[in-house]
Amino acid sequence: MQLGLIGLGKMGGNMAERLRLGGHQVVGFDFNADAVARLTASGNIGASTLEDLVKNLKGRRAIWIMVPQGAPVDQTIAKLEPLLNPGDILIDGGNSNYKDSVRRHKEVAAKGFQFVDVGTSGGIWGLKEGYSMMIGGDKEPVEYLRPIFETLAPAAGKGWGHVGPGGAGHFVKMIHNGIEYGMMQAYAEGFTIMETKKELGLDLPQISQIWRYGSVVRSWLLDLTADALGKNPTLEGLEAFVEDSGEGRWTVIEAIDLNVSAPVITESLMRRIRSREENNFTDRMLAIMRNEFGGHAVKKE
C-alpha cells in the first residue's frame with residue numbers, strides 16, 4: 001500500500017522506514033532537502049513539492065501529515081485540497097488539539113474528502129518498538145488504512161485502535177500525555193528524595209534497575225529512566241528546564257471544563273512551568289513573608 005507522508009523529521013523518518021520494512025511504499029515531502037534525500041536513499045520516493053508528492057500516489061490517496069500543531073496543519077491541508085480527488089484521505093498524526101481535529105473533520109468532509117486524526121505515541125523508539133495509535137474518524141477510512149496501522153503498531157492487533165469519531169484520537173492522546181506528566185513527576189520526586197538521603201549512599205542506577213523487574217512501578221518510562229541514569233547518574237551538565245508540548249495544558253483545561261479533579265496532572269504541569277523561572281519571584285516572596293511574620297532568616301544573593 002502507498003502512503004504520502006509530509007514531515008520527515010526523526011519520528012516521520014522512522015515511520016517511513018518501518019512502513020518500508022513492512023512492504024509499503026512511502027512518498028515523502030519535507031522542506032529539509034537532506035531528509036528527502038535520506039528517504040529516497042532508503043528505497044522510498046522523495047518529493048520536492050506537495051504537487052510532486054500527490055502525483056506520485058496512485059489510486060485513492062492517503063496522506064499522513066506530521067507537522068507542528070495549529071496553523072501549519074491548516075496551511076498544509078489548504079495546499080493539498082486542490083490536488084485531491086473525492087474520497088482521498090488526510091491523516092493528522094501530530095499533536096493537534098482535539099477541538100481543531102473536530103473542526104477539520106467537518107470541513108474536510110464537506111469538500112468530499114476524508115479526515116482521520118491519529119494520536120501517535122512512540123517517539124524516536126517507534127522504528128524498533130512500534131507506535132501506539134489512538135485513531136479518530138469515520139469507520140470506512142480507518143478500515144481502509146488498517147494495513148498501515150497494523151504495520152506501524154507494535155503488532156497487528158496490539159497498540160492501536162479506532163477510539164471514536166473525528167477528534168477522538170487526539171482527545172485520547174491528550175489525556176495519555178497528561179497521565180505521562182504525572183508519572184514523570186512521581187518518578188522525578190522519588191529519585192530526588194533518594195538522592196538527597198546522602199547518608200545511605202544510595203545507587204540510583206542500581207535501584208532503577210531493581211524496580212524494572214517484578215515491581216508494581218515498572219514501566220517503559222522507568223526503563224528509559226534507568227538507561228538515562230546509567231549514562232549520567234548525577235545528571236551532570238543538565239539544566240533544570242522542562243518544556244511541555246501543550247497537551248498537558250489542554251488536559252488540565254479540559255478537566256476544569258468538565259469539573260473533574262485532576263490535581264496530580266495539574267501540579268506536574270505547574271512544576272514544569274516552575275522549572276523555567278529564573279531567580280524565582282514566588283520563592284523570594286515566600287521567604288520574605290516568613291521573615292516578616294516569624295523573623296526567619298532570609299538568604300541574600
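Here is a short chat about the sheet and the helix packing in this predicted model.

Visitor: What makes strand 3 and strand 8 the edge strands?
Guide: Start with the open sheet of eight strands, ordered 3-2-1-4-5-6-7-8 with mixed pairing. Strand 3 (45-47) and strand 8 (160-164) each pair on one side only, and that puts them at the edges. From one strand to the next, the twist averages 25°.

Visitor: How do you know that strand 7 and strand 8 pair?
Guide: Count the bridges: pairing takes at least two, and four join strand 7 (residues 132-136) to strand 8, the two running parallel. For one of the residues involved, look at Met134, whose bridge partner in strand 8 is Gly161.

Visitor: Which helices lie across these strands?
Guide: Helix 2 (residues 33-41) is one of them, lying across strand 2 (25-29) and strand 3. Its angle to strand 3 is about 155°, and over 145 counts as roughly antiparallel. Then there's helix 9 (residues 168-196), which covers strand 5 (89-92), strand 6 (114-121), strand 7 and strand 8. Helix 9 runs at about 15° to strand 6; under 35 degrees counts as roughly parallel.

Visitor: Why is helix 9 called oblique to helix 11?
Guide: The axes of helix 9 and helix 11 (residues 220-231) cross at roughly 40° and come within 11 Å. Roughly parallel needs an angle under 35 degrees and roughly perpendicular starts at 65, so helix 9 is oblique to helix 11. Their crossing is right-handed. Helix 9 brings Met183, Met184, Tyr187 and Phe191 to the contact, and helix 11 brings Leu221, Leu222, Thr225 and Leu229.

Visitor: How do the residues of that contact divide by class?
Guide: Seven are nonpolar, one is polar and none is charged.

Visitor: Why are helix 12 and helix 13 oblique too?
Guide: Helix 12 (residues 247-257) and helix 13 (residues 263-274) pack at about 140°, axes 9 Å apart. Roughly antiparallel would take an angle over 145, so these two helices are oblique to each other. Helix 12 passes helix 13 in a left-handed crossing. Touching there are Gly248, Arg249, Thr251 and Val252 of helix 12, with Ile265, Thr266, Leu269 and Ile273 of helix 13. By class, that contact has four nonpolar, three polar and one charged residues.

Visitor: How do you know that the length of helix 14 is close to what's expected?
Guide: Helix 14 (residues 281-294) has 14 residues, and its first C-alpha to its last spans 20 Å, close to the 20 Å expected at 1.5 Å a residue.

Note on methods:
Residues are numbered from 1 along each chain as its sequence is written. This is a predicted model: local features need pLDDT of at least 70, side-chain atom pairs count only at pLDDT 80 or more; totals for chains, interfaces and linings use all residues. Side-chain values use heavy atoms; hydrogens and water are left out. Axes are lines fitted to C-alpha atoms, for helices over the stretch in contact, and angles run from 0 to 180 degrees between N-to-C directions. Contact means heavy atoms within 4.5 Å. Angles under 35 degrees count as roughly parallel, over 145 as roughly antiparallel, 65 to 115 as roughly perpendicular and the rest as oblique. A crossing is left-handed if the near helix is turned anticlockwise from the far one by less than a right angle, and right-handed if clockwise. Ala, Val, Leu, Ile, Met, Phe, Trp, Tyr, Cys and Pro count as nonpolar, Asp, Glu, Lys and Arg as charged, and the others, Gly among them, as polar. The expected span of a helix is 1.5 Å times one less than its number of residues.
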